[in-house]
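Colleague: Can you walk me through this model? I have a few quick questions.

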Amino acid sequence: MRRMMEKITTLEKAAKLVESGNSIAIGGFTVYRKPMAFVRELLRTDVRDLNVLGWTSGIDVDMLAGAGRLRRVELSYVGLDFLGLAPSYRRAVESGELQVIEYTELTSAMRFKVGAMGMNFFPAKSLFGSDLLRHNPDVREIKCPFTGEVFHAVPAARPDVTVLHAPMADVYGNVVYLPSSNRNIEWDIPMAECAKKVVVTVEKIVEYDYMLSNPLLTKIPRFKVDAVVEVPYGAHPTDHDSYYKVDKDHLRAYAEASRKPETFKQYLDEYVYGVKDHWEYMNKVGGIKRMVELRPAEE
Amino acid sequence: MKKYAKDYTIEELMATVVSREMRSARNGFIGTGTGGRTYTLAVGIPLAGMSLARMTSNPDLSILFSYKVNPVIEEMPSPDSLTSPYELMNWRCEANLAYDAIFLMAMRGEIDTGFGSAAQIDRFGNANIVAIGDYRKPKVRLIGPIFQTEHFALFGREILLMDHERRNFVERVDFVSGVGYLEGGDSRRRAGLKRGGPDKIITNLAVLDFDEKTRGVRVLSLHPGVEASEVQKNTGFELVIPRGVPETEPPSVDEVELLRTKVDPRRIMLGTS
């Protein structure tokens, strides 16, 4: 008898789902709940010329830009949140090597929502008069067929691969987000729904029975998911809601290293290329002791 | 009669100006993700000012702090924990809205007032947080437009909080990410924006608004002890300075007391200056 298909795999195999030239969407928000273990694994492959379709990006895009893996980004924000500008991204844009297609926060997010609807575009009311219209070649003027009002059509996003980090999943790819997950998970979900392939890293693999008992918590069903990887602390050094806070010390050290190509390269050599896998990385950034320190205050 | 305070910080004065601006507003929106001085300007001062308004003139005001509606200000987590989404989620409030609910509210035109800051603002209230210098090869690439474009296009009005310096107040912004009055006159309307736009700019020196006809930045009031010439000296374009500009109404003794004891006793929002 055939069994249900398991989607569980390793980071190494999951990273191979991304090919050079692909468009990828990365879940989370600036320095919160970013699938960083996957991003580091991606850097260990020779993938390049990526186009990031984003909303509010942070250290994920900064790292990929600094490592020269990006051709283009389409998003509304890249920064290190409370630590300010993203230095490697800045350098890549200022040198003219990285193309930015500017969107606003609302339009960049709605691109995923209309992608998830199977629609072609989102009718924007917020772009009139802005320089985004002058520099974004993908936005077109349209007329409302009912009233004749003019809007701007923003193309739907259909990423080749969407990568997310979530609390839990089963081996079949049913993905759980918790009620305590930050409200920005609202955009992880359409990001998955509009994608051609979906990879999800999770803190913990749980039994299929967990889903049957808590079906309200399943936010992405297994038929949308291609690969699931169990990666505890897989968002480090970014935050993961009830699991761990943002590692400010590490992030500050990263931001400092990112300011110069030489120190950024040293950072990558130490924390990405110089470690065999996520477990070696974990030991390098302080192991269990550090992770315990990063636990958020209990309510 | 109202008794005015003699001893107050510039941030307390700015928060009081915000509070008075919100006397009859339905709601006011503040974003989250910034650090340092921008946090004080774009988050701290408007949050303190709106909280003061809720305690005094306008108990029906809804503070929209990102997805949180009317968080209990006395229970504000430390600034350190504001970088913890979990602790932010657990901060008691009337509602933790779905993230897209805020976007839909904006699209329906139901957000009254937005608060923000900018790297550059120009003579006609256009704002820039995208790039400094030539866009194709910028001197400084900034964070990107985020929600600013929506603040300026979809909200009822935008109130900006700025440090008053020549490098921030420029003749023409290098990139229009927040659409003000474009080239002045009715050019904003002609570009397709029928409502909203920048309404006030609250700085450490003055409160600014816009001339009804030319739409140029105008001095509405000067903070106590500040001369018009000092404001002009710190502005990179020619301001509209009407004759007999009044003094900004200082905070009352009661307002300062509320800010210090109830709104922000730990000096999280208003800094320590």
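Modeller: Start with B:L161. Beyond its neighbours within four places in sequence, B:L161 is in contact with B:M14, B:L41, B:A42, B:I45, B:P46, B:F115, B:S117 and B:I202. In contact means that the C-beta atoms, placed from the backbone, lie within 7 Å.

Colleague: What should I know before reading on?

Modeller: This is a predicted model: local features need pLDDT of at least 70, side-chain atom pairs count only at pLDDT 80 or more, and totals for chains, interfaces and linings use all residues. Residues are numbered from 1 along each chain as its sequence is written, while chains are lettered from A and ligands numbered from 1 in the order in which they are written.

Colleague: How many residues are in the largest nonpolar core, and which have the most contacts inside it?

Modeller: The largest nonpolar core has 167 residues. Those with the most contacts inside it are A:F38, A:V52, A:A166, A:V200, B:I45, B:A48 and B:L161. Helix α2 of chain B, residues 36–55, gives the most to this core, with ten residues. A nonpolar core here is a set of buried Ala, Val, Leu, Ile, Met, Phe, Trp, Tyr and Cys residues joined through C-beta atoms within 7 Å. Buried means 20 or more other C-beta atoms within 10 Å of the residue's own; exposed means 12 or fewer, and partly exposed is in between, with C-beta atoms placed from the backbone.

Colleague: On to strand β5 of chain B. Are its faces covered or open, and which residues sit on each side?

Modeller: Both faces of β5(B), residues 113–116, are covered. B:T113 and B:F115 lie on one side, B:G114 and B:G116 on the other, and all are buried. Strands (E, at least two residues) and helices (H or I, at least four) are DSSP runs, numbered from the N terminus.

Colleague: Which strands pair with β5(B)?

Modeller: Strand β1(B), residues 27–30, pairs with β5(B) in the parallel sense over two bridges. Strand β10(B), residues 157–162, also pairs with β5(B) in the parallel sense, over four bridges. Two strands pair if DSSP finds at least two bridges between them.

Colleague: What stands opposite B:T113?

Modeller: B:G28 stands opposite B:T113. In β10(B), the bridge partner of B:T113 is B:R157.

Colleague: And the three-strand sheet in chain B? What is the order?

Modeller: The order is β7-β6-β11, an open sheet with mixed pairing. β7 (127–128) and β11 stand at the edges with a single partner strand each, so one side of each has no neighbour in the sheet. β6(B), residues 120–122, and β11(B) pair in the parallel sense over two bridges. There, B:D122 stands opposite B:V170.

Colleague: Switching to backbone geometry. Which peptide bond is cis?

Modeller: The bond from A:H236 to A:P237 is cis, with omega near 10°. A:P237 lies in the loop between β14 (227–230) and α9 (248–257) of chain A.

Colleague: What is the phi of A:R33, and of B:L182?

Modeller: A:R33 is not a glycine, yet its phi is positive, about 50°. A:R33 is buried, with 28 other C-beta atoms within 10 Å. B:L182, also not a glycine, has a positive phi near 50°. B:L182 counts as buried too, with 23 C-beta neighbours inside 10 Å.

Colleague: Last one: how far is A:D160 from A:I24?

Modeller: They are 136 residues apart in sequence and 5.9 Å apart in space, C-alpha to C-alpha. A:D160 is partly exposed, with 18 other C-beta atoms within 10 Å.

Terms used: Contact = placed C-beta atoms within 7 Å.
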